[in-house]
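Please look over the sequence and the structure shown here.

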Amino acid sequence: MKLAVLRESAGGERRVAATPETVKKFIALGATVSVEAGAGLTASVSDEEYKAAGAEVGTRDQTLSGADAVLGVQGPDPAALKGVKDGALIVAALNPYGERARVEAYASAGLEALAMEFMPRITRAQSMDILSSQSNLAGYKAVLDAAAQYGRAFPMMMTAAGTISAARVFVMGVGVAGLQAIATARRLGAMVSATDVRSATKEQIESLGAKAIFVEDVKGIEGEGSGGYATEMSDEYKAKQAELVSSHIAKQDIVITTALIPGRPAPRLISDVQIATMKPGSVIVDLAVEQGGNVEGAVAGEVAEVHGVKIVGFRNVPSRLAADTSALFARNLYNFLSAFWDGDAGKVVLPDDDEIVKGVRLTQGGKVVNERLLG
Ligand code: NAD
């Protein structure tokens with residue numbers, strides 16, 4: 001089985017879908033790996049390192065020629081995949097809702113597209129979950145981005161010239177990214193508080209030494225929520241949450257928002273009126289900006305300034321830590337493909353009735369087959 005690793009073509013994408021470590025592991029399984037020249041450069045991996053791991057390094061055409069599977073971080077352009085075998089697997093984050101036309105094009109080209117962000121949240125698939133691995137580092141980077149924009153220090157400092165007080169950091173949305181943001185802000189010495197709609201997060205927030213700020217009078221989502229995911233909240237809940245945020249946010253220096261609802265626009269958590277109550281020089285980082293944004297006035301790809309508050313809306317935050325996020329992404333892909341490696345056949349075999357396969361498979365036999373896209 002020949003695996004092709006492409007140089008990413010999407011603007012601003014610095015990650016790569018395989019590392020020398022995973023190349024070696026794939027070869028140990030019995031696969032051959034072909035890497036497009038320069039694929040790893042923006043993630044600090046040279047062509048020589050791929051060659052030393054056993055990969056062939058060549059042009060895009062050479063890489064794709066006769067490939068049984070194409071590994072990517074983002075979905076490759078279907079028109080640029082000439083030379084791959086019929087029914088070749090496309091294994092990447094395919095943004096199935098946002099790039100529906102591209103999914104159709106994979107189907108028409110007879111390719112079998114596998115969307116890694118549709119990985120089911122079951123124990124067996126944890127090591128294959130790109131959303132977790134990438135969100136984790138995004139949560140960390142969000143705090144560093146906030147610190148870089150903030151004209152003050154995070155920890156309390158006692159100096160001969162007087163005392164500097166600790167920054168107050170508020171994290172909204174305590175999934176994988178939010179938990180890492182709390183831990184990072186704590187390590188930097190900030191006073192941290194956090195909120196979520198899922199009640200299970202309360203204990204997680206407190207165990208990290210942060211203060212849990214929750215809507216009390218209206219019930220949120222009990223426990224973890226289905227698969228750890230939130231749903232749209234009732235109008236009554238939203239009104240109570242807005243009240244809570246209004247009373248809390250004016251005292252905060254840094255706010256990190258990470259709230260997402262699968263398949264829907266991100267919930268709006270902070271309004272312009274609330275931003276106006278914050279101190280000038282405060283910083284908000286909106287990690288949901290590409291999904292529509294949690295913060296009014298956030299602009300994707302920019303640092304906006306509103307009422308003297310900086311709103312950071314960087315795109316593709318995982319790509320800002322490309323060496324580490326690539327290492328984890330590449331392991332997620334290896335863990336997935338190796339779990340379905342058939343030693344006798346010498347290739348990946350994906351059983352139709354497997355929960356993981358049903359979750360990630362978007363196209364097969366010329367058609368879109370995924371329930372989430374058809375339903
Ligand atoms: P996510 O990215 O979908 O959402 C981020 C957070 O925003 C969630 O905690 C969500 O509850 C919160 N949120 C949504 N709407 C909100 C609102 N209106 N106000 C405040 N907060 C809101 O979530 P995620 O980070 O991908 O994962 C969430 C959970 O799933 C985690 O607790 C994680 O442990 C679990 N998980 C399990 C597995 C597995 O078992 N394989 C894999 C990944 C994640």
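## Sheets, ligand site and helices

Ala 194 has Ala 212 of β11 as its bridge partner. The model is a predicted one. Strand β10 (residues 191-195) runs parallel to β11, and two bridges join them.

These two strands belong to an open sheet of seven strands with mixed pairing. Its order is β11-β10-β9-β12-β13-β15-β14. The edges are β11 (211-212) and β14 (303-306), each with a single partner strand, so one side of each has no neighbour in the sheet. Strands of a sheet pair through backbone hydrogen bonds, either parallel or antiparallel.

Strand β4 also has parallel partners. Strand β1 (residues 2-5) pairs with β4 in the parallel sense, over three bridges. Strand β5 (residues 89-93) runs parallel to β4 as well, joined by four bridges. Leu 71 takes part in both pairings: Val 5 has Leu 71 as its bridge partner in β4, and Leu 71 stands opposite Val 91 in β5. How many of the six residues of β4 are buried? Five of the six residues in β4 (residues 69-74) are buried, so the strand is largely enclosed by the rest of the structure.

Now the ligand. There are 23 residues around the ligand, and the nearest are Arg 121, Val 176, Asp 196, Arg 198 and Gln 241. By class, the shell holds ten nonpolar, eight polar and five charged residues.

| Residue | Protein atom | Distance to a ligand oxygen atom |
|---|---|---|
| Arg 121 | side-chain N or O | 2.4 Å |
| Val 176 | backbone N or O | 2.7 Å |
| Asp 196 | side-chain N or O | 2.6 Å |

On its own, the ligand has 850 Å² of accessible area, and the protein covers 88% of that.

Two helices can be read by their faces. An α-helix has 3.6 residues a turn, so residues three or four places apart point the same way.

Take helix α1 (residues 20-29). Its buried residues are Pro 20, Thr 22, Val 23 and Phe 26. Seen down the axis of α1, the buried residues fall within an arc of 160°, so they line one face of the helix. Lys 24 and Ala 28 are exposed, on the face of α1 turned away from the buried side.

Helix α4 (residues 100-108) can be read likewise. Arg 102, Val 103, Tyr 106 and Ala 107 are buried there. Down the axis of α4, the buried residues lie within an arc of 150°, so they line one face of the helix. The face of α4 turned away from the buried side carries Ala 101 and Ser 108, which are exposed.

Is Arg 102 buried or exposed? Arg 102 has a relative accessible area of 17%, and is therefore buried, since the cut-off is under 20%. Arg 102 sits in helix α4. Along the chain, Arg 102 and Tyr 229 are 127 residues apart. Their C-alpha atoms are separated by 26 Å.

Next, helix α5 (residues 130-149), which contains Ser 133. Ser 133 counts as buried, at 11% relative accessibility. A polar atom of the Ser 133 side chain lies 3.3 Å from the backbone oxygen of Ile 130.

Most residues other than glycine have a negative phi, and most peptide bonds are trans.

What is the phi of His 307? His 307 is not a glycine, yet has a positive phi of about 50°. His 307 is placed in the loop between β14 and β15 (309-312). With a relative accessible area of 42%, His 307 is partly exposed.

Asn 316 also has a positive phi, near 40°, in a residue other than glycine. Where does Asn 316 lie? Asn 316 is in the loop between β15 and α10 (322-339). Asn 316 is buried, with a relative accessible area of 15%.

Terms used
Residues are numbered from 1 along each chain as its sequence is written. This is a predicted model: local features need pLDDT of at least 70, side-chain atom pairs count only at pLDDT 80 or more; totals for chains, interfaces and linings use all residues. Side-chain values use heavy atoms; hydrogens and water are left out. Buried means under 20% relative accessible area, exposed over 50%, partly exposed in between (1.4 Å probe, protein chains only). Two strands pair if DSSP finds at least two bridges between them. A residue is near a molecule or strand if one of its heavy atoms lies within 4 Å of it. A polar contact is a pair of N or O atoms within 3.5 Å; within protein, one must be able to donate a hydrogen and the other to accept it, and residues adjacent in sequence count only if both atoms are side-chain atoms. Accessible areas come from the Shrake-Rupley method with a 1.4 Å probe; for residues, only the protein chains shown count as cover. Ala, Val, Leu, Ile, Met, Phe, Trp, Tyr, Cys and Pro count as nonpolar, Asp, Glu, Lys and Arg as charged, and the others, Gly among them, as polar. The arc is that of the directions from the helix axis to the C-beta atoms.
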